[in-house]
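Good morning, and thank you for the time on today's agenda.

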Amino acid sequence: MHQIHLGRISFISPGTLQLSAGPDGKSLSISGKFGGVEHTIDHIKYLRDELQSMSTMDEHVPFIYDGDTTLNGYVKVVSSSVDIQKYLQGGISYDINLEYIGKVGDVQFESRLTGALLENDFITTATNQQFHAAPGNNFAFIHNSLPGRALRVARDLTSSTASDTTNLYINQSSILRNNNSIYNLDISDYYKGCCQIRMGEHMEKSSPGASDTVVQSIKCGKYAGDWSVGDTLVLDNGIIKMVLGTSTATSSFNTFIWDVNQYATEQEWVFSEGDPASASDQHGELFLGWHRVQILVNRPELVVVRCTTYKDSDTRGKRLVVDFSLRRGAHHIGVITNYYTAGTKINIALESAPSTAPDVTNILNGFIKDGSSSPEDGNYWILGGLKSLDSDTSITDRGMLRNNANGSVFGFMVGYELIDPNTNAALSHNTASNVYKQYVDNINEFQKMVKA
């Protein structure tokens, strides 16, 4: 049974497909009914919501039709409508209008690179760790600064086989922002190595006659959808993965790093306020579990989500807002917290005290590192900040990071120093110092499609 693959979603072959062209370009309209044998009602609701979300974006996505591969190309969803007669299979129809941008040979991609050093107390001049990564399997890459290229292996999030990988080359230069990058892509490679937001779950069937399975819902735009307290939220670029905590008692998140053929070196991190009450306490005063999630940016090269919670269980006040950002090719996650008052300190710390005190050799350079001689899976976690950091060992020995001064805003990063299995050491671009510089010497990337 043929399917339409539109961006990150797939659904049954349309009932009608209409092509039109004129001086202003080409358009494509498809209509049909959801509820083929591979769809559950839960799956149909997910498709409905993501089609509406995609229609609000001003972005191109791949279009693949199993029934006629000559139509494969890139499109922009202009509008979509879903008509619900009954919440039954076959009772929900769709009508989607697409701007047909072109086939693979008609277009190329340009990453527009801007940005500046993040405001910080440690690094004041440009570094050679500015980086940007085009999607996996890109070809004919060009950038006028002739940047150095370093390999990072990522999980292939477009494959259903969990161990499949794709090679990402991070392009590095101290003047990377001075020019844009241009490259080409095959349609099947558009999402390789790209960032992904998975929020909540839905039921679907992988093929006709298959059993229903629970899958994480990939978000295709900025609509957050029906996220409820305790639902899953995952940010993933195939290299580093963040999973939002689901506890109602703490505001936490877990991180993982891709290591050869699987995610490894899981760490759990918890937010708190102020000093730990006693030597036996790992945290300050805890915030309650996450209560709201909002998608701020959802593009292949960058995702940003905003998570909101509070501390006071009686008044439901003392709000904490946390923005998590993830770039394509990155070994780190950027975090900015904003608390309701500037009169205290916000902490980020390991959920449990580390068995070995962290390495604080570089705390005056902006970061601390896992101090274990034999860390989990051989890789080292990194915590780095933007402002002068509290160096008291009663804080750092807990695997805790916070600013030296009180304030409502706390910017930091969580990342990994990945140990290469062939050399038993970190490659230069994966050392803790350089991963931290990649965070601070920030590149703003905006990937656009241009006519070839």
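This is a predicted model: local features need pLDDT of at least 70, side-chain atom pairs count only at pLDDT 80 or more; totals for chains, interfaces and linings use all residues.

In what order do its seven strands lie? The order is β2-β1-β5-β6-β7-β4-β3, in an open sheet with antiparallel pairing. At the edges are β2, residues 9-12, and β3, residues 16-22, each of which pairs on one side only. From one strand to the next, the twist averages 25°.

For those new to the subject, strands of a sheet pair through backbone hydrogen bonds, either parallel or antiparallel. An example here is the pair formed by β1, residues 3-6, and β5, residues 60-65, which run antiparallel and share three bridges. Within this pair, His-5 has Ile-64 of β5 as its bridge partner.

A helix accompanies this sheet. Helix α1, residues 41-55, lies across β1, β2, β4, β5, β6 and β7. Its direction is at about 125° to that of β6.

Is Thr-40 buried or exposed? Its relative accessibility is 8%, and Thr-40 therefore counts as buried. A polar atom of the Thr-40 side chain lies 2.7 Å from the backbone oxygen of Met-203.

Let us look at β23 in particular, residues 319-327. Why can β23 be called largely enclosed by the rest of the structure? The reason is that seven of its nine residues are buried. On one side, β23 pairs with β22, residues 302-310, in the antiparallel sense over nine bridges. There, Thr-308 stands opposite Val-321 of β23. β23 also pairs with β24, residues 332-339, again antiparallel, over six bridges. In that pairing, Ser-325 faces Gly-334, and Val-322 faces Thr-337. The hairpin of β23 and β24 has four residues between the strands, and in this hairpin Gly-329 takes a positive phi near 85°.

My next topic is the aromatic residues. A pair of aromatic rings is described by the distance of the centres and the angle of the planes. How many aromatic pairs are counted in this model? The count is 21.

In the pair of Phe-109 and Tyr-183, the ring centres are 6.3 Å apart and the planes are at 10°, a stacked arrangement. Phe-109 belongs to strand β8 and Tyr-183 to strand β13, and the two residues are 74 residues apart. Both Phe-109 and Tyr-183 are buried.

The other pair is Trp-269 with Trp-381. Their planes stand at 85° and their centres are 5.5 Å apart, so this pair is edge-to-face. Trp-269 lies in strand β19 and Trp-381 in strand β27, so the pair ties together parts that are 112 residues apart in sequence. Trp-269 and Trp-381 are both buried.

Phe-109 and Tyr-183 also take part in an aromatic cluster, together with Tyr-74, Phe-141, Tyr-190 and Tyr-191.

Lys-241 lies over the face of Phe-256, 4.8 Å from the ring centre. Likewise, Arg-327 lies over the face of Phe-131, at 4.1 Å from the ring centre.

Ala-140 has phi near 55° and is placed in strand β10, residues 139-142. With 52% relative accessibility, Ala-140 counts as exposed. Leu-146 has phi near 50° and lies in the loop between β10 and β11. Its relative accessible area is 72%, so Leu-146 is exposed.

That concludes my presentation, and I thank you for your attention.

Technical notes:
Residues are numbered from 1 along each chain as its sequence is written. Side-chain values use heavy atoms; hydrogens and water are left out. Two strands pair if DSSP finds at least two bridges between them. Axes are lines fitted to C-alpha atoms, for helices over the stretch in contact, and angles run from 0 to 180 degrees between N-to-C directions. Contact means heavy atoms within 4.5 Å. Buried means under 20% relative accessible area, exposed over 50%, partly exposed in between (1.4 Å probe, protein chains only). Rings of Phe, Tyr and Trp (its six-membered ring) pair if their centres lie within 6.5 Å; planes under 30 degrees apart count as stacked, over 60 as edge-to-face and the rest as tilted. A charge sits over a ring if NZ of Lys or CZ of Arg is within 6 Å of the ring centre and within 35 degrees of the ring normal. A polar contact is a pair of N or O atoms within 3.5 Å; within protein, one must be able to donate a hydrogen and the other to accept it, and residues adjacent in sequence count only if both atoms are side-chain atoms.
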